[in-house]
Amino acid sequence: GNPHNFYDKVYGPLQTSYRAELRAILHELQTAGIPTLIRCDCASVVNTLDTIKGNTDFQTTDLTDGDLWAPIQELLKRMPTDYIICTWIPSHCDDPKKVDKKVAALRDGLITEAGIVGNSKADELAKIGAQRHQIPKNITTAQNIGKV
């Protein structure tokens with residue numbers, strides 16, 4: 001219910017949860033008016049973001065999904081080093097089948113109850129955004145038979 005919550009479709013014809021995470025990071029960088037802590041449940045996004053922050057000469061065009069990484073890098077270059085901090089959190093700790101994972105994550109300080117709720121709500125927004133993306137039939141057919 002926060003007015004800052006946001007969802008939208010992700011750029012490009014083929015979508016992945018990884019691209020959705022990048023789109024969310026890009027949106028946050030475009031709109032953050034104050035120093036911001038981002039909690040992300042995709043470790044590879046967090047690690048790559050840290051690499052880019054630590055190396056302004058990093059070639060994002062060499063990355064898969066460089067079309068999203070390049071504007072992220074440009075925005076980071078314009079910000080003070082610690083303006084945006086991104087940390088990893090475990091995902092799906094609200095799943096009743098993953099009680100042990102939830103207990104361990106809470107015990108180890110990887111997430112809080114509020115973080116679990118927030119991650120769950122972010123997943124809900126991501127699903128709404130995914131529904132806005134209409135994939136052309138020929139692409140889904142090719143993907144389903146393994147030709148993409």
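Helices here are DSSP runs of H or I with at least four residues, strands are runs of E with at least two, and both are numbered from the N terminus. The model is predicted, so local features need pLDDT of at least 70 and side-chain atom pairs count only at pLDDT 80 or more, while totals for chains, interfaces and linings use all residues. Residues are numbered from 1 along each chain as its sequence is written, and side-chain values use heavy atoms, with hydrogens and water left out.

**Exercise 1. Get your bearings: how many helices and strands does the protein chain have, and in which pattern do they follow each other?**

Step 1. Count the elements: the protein chain has six helices and two strands.

Step 2. Now walk along the sequence, and the pattern reads α-β-α-α-β-α-α-α.

Step 3. Check burial, where buried means under 20% relative accessible area, exposed over 50%, and partly exposed in between (1.4 Å probe, protein chains only). Of the 148 residues, 32% count as buried.

Step 4. Look at contacts, meaning heavy atoms within 4.5 Å. Among those between residues at least 6 apart in sequence, 59% join residues at least 24 apart.

**Exercise 2. Take helix 2: what is its span, which residues are buried, and what covers them?**

Step 1. The expected span of a helix is 1.5 Å times one less than its number of residues. Helix 2 takes in residues 43-54, 12 residues, and reaches 17 Å from first C-alpha to last, close to the expected 16 Å.

Step 2. Pick out the buried positions in helix 2: Val 45, Val 46, Thr 48, Leu 49 and Ile 52. As a reminder, an α-helix has 3.6 residues a turn, so residues three or four places apart point the same way.

Step 3. Find the cover: it includes helix 1 (17-31), strand 1 (36-40), helix 3 (66-77) and strand 2 (84-88).

**Exercise 3. How do helix 2 and helix 3 pack, and which residues meet?**

Step 1. Axes are lines fitted to C-alpha atoms, for helices over the stretch in contact, and angles run from 0 to 180 degrees between N-to-C directions. For helix 2 and helix 3 the angle is about 50°, with the axes 10 Å apart.

Step 2. Name the arrangement: under 35 degrees is roughly parallel, over 145 roughly antiparallel, 65 to 115 roughly perpendicular, and the rest oblique. Helix 2 and helix 3 are therefore oblique to each other.

Step 3. For the hand, a crossing is left-handed if the near helix is turned anticlockwise from the far one by less than a right angle, and right-handed if clockwise. Helix 2 passes helix 3 in a right-handed crossing.

Step 4. List the partners: Val 45, Thr 48, Leu 49, Ile 52 and Lys 53 in helix 2 meet Trp 69, Ile 72, Gln 73 and Leu 76 in helix 3. These divide into six nonpolar, two polar and one charged, where Ala, Val, Leu, Ile, Met, Phe, Trp, Tyr, Cys and Pro count as nonpolar, Asp, Glu, Lys and Arg as charged, and the others, Gly among them, as polar.

**Exercise 4. Zoom in on Trp 69: is Trp 69 buried or exposed, and what does Trp 69 touch?**

Step 1. Trp 69 sits in helix 3, and its relative accessible area of 1% makes it buried.

Step 2. Leaving aside residues up to four places away in sequence, Trp 69 touches Tyr 18, Leu 22, Val 45, Thr 48, Leu 49, Ile 52, Thr 60, Leu 63 and Thr 64.

Step 3. Then look at Thr 64, which lies in the loop between helix 2 and helix 3. Thr 64 is exposed, at 65% relative accessible area.

**Exercise 5. Where do helix 1 and helix 2 meet, and how do they cross?**

Step 1. Their axes come within 10 Å and cross at roughly 45°, which makes helix 1 oblique to helix 2.

Step 2. The crossing of helix 1 past helix 2 is right-handed.

Step 3. From helix 1, Tyr 18, Glu 21, Leu 22 and Ile 25 meet Ser 44, Val 45, Thr 48 and Leu 49 of helix 2. That contact divides into five nonpolar, two polar and one charged.
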